[in-house]
Amino acid sequence: MCGIFGYVGKRTNAGQLVIDGIKNLEYRGYDSWGVACKRGENILVEKNTGKISGVDSQQFAEECMQAIAHTRWATHGGVTKENAHPHVSTDSTIAVVHNGIIENYQQLRDELKKKGHTFLSETDTEVIPHLIEEELQNTEDFASAVRSACKRCEGRYAILAMHTTSQTLVAARTGSPLIVGVSPEDGYFIASDIPAFMEYTRTVQYLDDGEMVVTDGQSILFMSIETGEEHPKREIEITWTIEEAQKGDFDHFMMKEIMDQKESIARAVNQDEEQIRVVAEAISKARGTFLVGCGTAGKACMASEYFFSVIADHHVNFAPASEFKLYHHFLKQESLLIVISQSGETADVLEAMKVAKSKGAKVLAIVNVEGSTIDREADYSLLINAGPERAVASTKALTGQLAVLMLIAYAMAGKLREGKTLLLETASLINDMLNPRYIRRIEDLAESIKEKEDLYIIGKSWNYPMALESAIKIQEVSNVHAEGFAGGELKHGPIALVEDKTPCIALVGNDEVTTDILSNTIELKARGAQTIGVSPSNNEAFDEWIKVPDAGHAQALVNIIPIQILAYFLAVKRGKDPDMPRNLAKSVTVK
Ligand code: G6P
């Protein structure tokens with residue numbers, strides 16, 4: 001949450017450059033924005049509430065070779081101009097942007113206030129420029145002052161700091177992501193995520209936890225925050241293209257990414273077979289396998305409980321990452337933790353990894369963002385290769401995660417080839433399904449139910465986690481009250497919610513639980529619900545039928561797609577921006 005982006009180098013329009021670049025990080029927060037530009041020995045700060053996408057970067061086109069920018073998702077302090085970043089020191093010579101939370105900020109703030117510092121915001125961040133200001137009384141070197149200030153901060157942070165009289169841009173990270181973009185022609189870009197600077201370079205250097213960098217735009221130094229010791233850093237070429245990170249002809253990233261599933265699932269399936277076998281063996285050998293993820297990724301973990309049970313006859317344990325504490329005492333050296341994350345940066349997931357590692361357990365990550373913290377810190381890592389996912393609502397990452405998990409389950413059963421064939425066939429069925437007529441059919445359904453304020457989704461077996469995922473998708477983008485249930489649980493409570501013509505969606509496959517879920521749908525119909533079946537075949541239980549291909553064990557991948565499309569159209573028809581849902585951010589780097 002929150003995106004930061006800084007630039008120092010030969011380009012003379014640094015202010016405009018960081019504003020344009022940070023628009024690509026708006027998925028990380030869109031409450032407010034701000035920029036600090038260095039002109040001569042002055043730092044000019046401009047900030048406000050509202051979306052960065054609405055800011056005309058032209059107004060920052062004036063000459064400047066160093067700038068930092070921020071897009072905010074509020075944690076400490078409401079959405080006000082004062083709380084927007086950058087924050088500055090009492091003498092306004094230091095400007096800082098920050099992503100994360102300084103946990104001991106109260107204590108630091110009290111201490112600094114006693115020393116005469118004046119605070120203008122309610123944020124935790126504001127202590128940082130003031131701490132740097134204090135440290136500058138002991139040293140003339142700006143980077144050393146930033147380093148000393150960082151050592152006093154507890155919590156998670158990625159910061160960018162600049163000073164009126166120093167030529168250097170200083171960045172530091174502990175817990176929140178920070179990546180350097182390297183361009184011999186242009187200089188150095190430092191951002192929370194790569195799309196900020198992809199237009200200029202695809203050569204990157206990742207900061208690790210506890211590292212800081214100091215650059216004047218011509219060279220860069222990586223050093224330890226703790227010791228100040230300098231060390232070399234590897235340059236990596238990233239494979240994502242600028243086109244993949246853009247909307248193209250689509251109105252929203254969400255729809256673009258739903259349509260990307262025509263190819264992204266096949267990319268996820270085409271894993272190195274040997275690596276999948278190694279992972280499958282690690283699960284077989286582990287004494288206790290635990291899966292954790294958050295939000296949509298958590299639903300993929302939950303679905304995999306069914307995959308491993310049905311396909312591989314193997315028991316695994318799922319918990320949402322934020323609830324993983326329940327399992328901490330079961331973790332041993334022989335345990336395996338599987339973490340699933342699109343961004344590879346989710347704080348609760350990182351916390352689970354930290355605990356598992358401290359107990360000597362091994363960690364397998366299934367991520368989308370290569371080079372992300374989770375990708376780098378896991379013992380084994382598999383990439384789902386979905387390409388950049390920018391919409392807050394996760395779509396193509398989910399189907400990629402499901403595909404990789406199924407592949408592993410098949411490998412454990414000694415049937416990797418069979419699993420691969422099934423998944424590639426499913427990918428091709430999805431490719432055919434995502435045609436304009438099909439999309440229109442679901443748009444029409446959205447039109448017919450767009451005024452409804454409550455909507456329920458039921459499923460059984462792997463369609464149960466997909467019912468939960470369907471509910472999240474609809475809630476987050478359209479703000480309709482949607483809830484997912486296990487079909488069999490309806491009669492134990494939720495059915496009391498059903499009124500005349502309440503839309504109820506049943507996710508159905510062609511398998512051993514079909515009869516049960518159809519019975520549950522009929523129970524709903526008998527209570528007056530408007531039943532909508534997402535199913536390979538029509539049935540009298542359905543008032544409306546959304547046809548999906550029969551994908552056997554891979555039905556979960558197929559059934560979720562019409563719901564993604566429905567959620568999208570419900571949002572649009574209800575006047576919401578599906579790419580920027582209320583109160584949400586894509587990458588949740590705070591606990
Ligand atoms: C946020 C996003 C969700 C996502 C979840 C986990 O809540 O809005 O779309 O599923 O984080 O993110 P991750 O990057 O770990 O998959």
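I began with the ligand and noted that one of its oxygen atoms is 3.0 Å from a polar backbone atom of Thr296, where a polar contact is a pair of N or O atoms within 3.5 Å. I then found a ligand oxygen 2.6 Å from an N or O atom in the side chain of Ser341, and a ligand oxygen 2.7 Å from a polar backbone atom of Gln342. The protein covers 90% of the 390 Å² of accessible area that the ligand has on its own, with areas taken from the Shrake-Rupley method with a 1.4 Å probe.

Before going on, I recorded that this is a predicted model, in which local features need pLDDT of at least 70 and side-chain atom pairs count only at pLDDT 80 or more, while totals for chains, interfaces and linings use all residues. Residues are numbered from 1 along each chain as its sequence is written, and side-chain values use heavy atoms, with hydrogens and water left out.

Next I looked up the shell: 13 residues surround the ligand, and the closest are Ser341, Gln342, Ser343, Thr346 and Val392, a residue being near if one of its heavy atoms lies within 4 Å. By class I listed 5 nonpolar, 7 polar and 1 charged residues in this shell, with Asp, Glu, Lys and Arg counted as charged and Gly among the polar ones. Helix H7, residues 295-312, gives the most to the shell, with 3 residues; helices are DSSP runs (H or I) of at least four residues, and strands (E) of at least two.

For the backbone, I noted a cis peptide bond between His85 and Pro86, with omega about 0 degrees, and placed Pro86 in the loop between strand E4 (66-72) and strand E5 (87-88). Ser461 has a positive phi, near 55 degrees, and is found in the loop between strand E21 (454-459) and helix H13 (463-478). Most peptide bonds are trans, and most residues other than glycine have a negative phi.

Terms used: A polar contact is a pair of N or O atoms within 3.5 Å; within protein, one must be able to donate a hydrogen and the other to accept it, and residues adjacent in sequence count only if both atoms are side-chain atoms.
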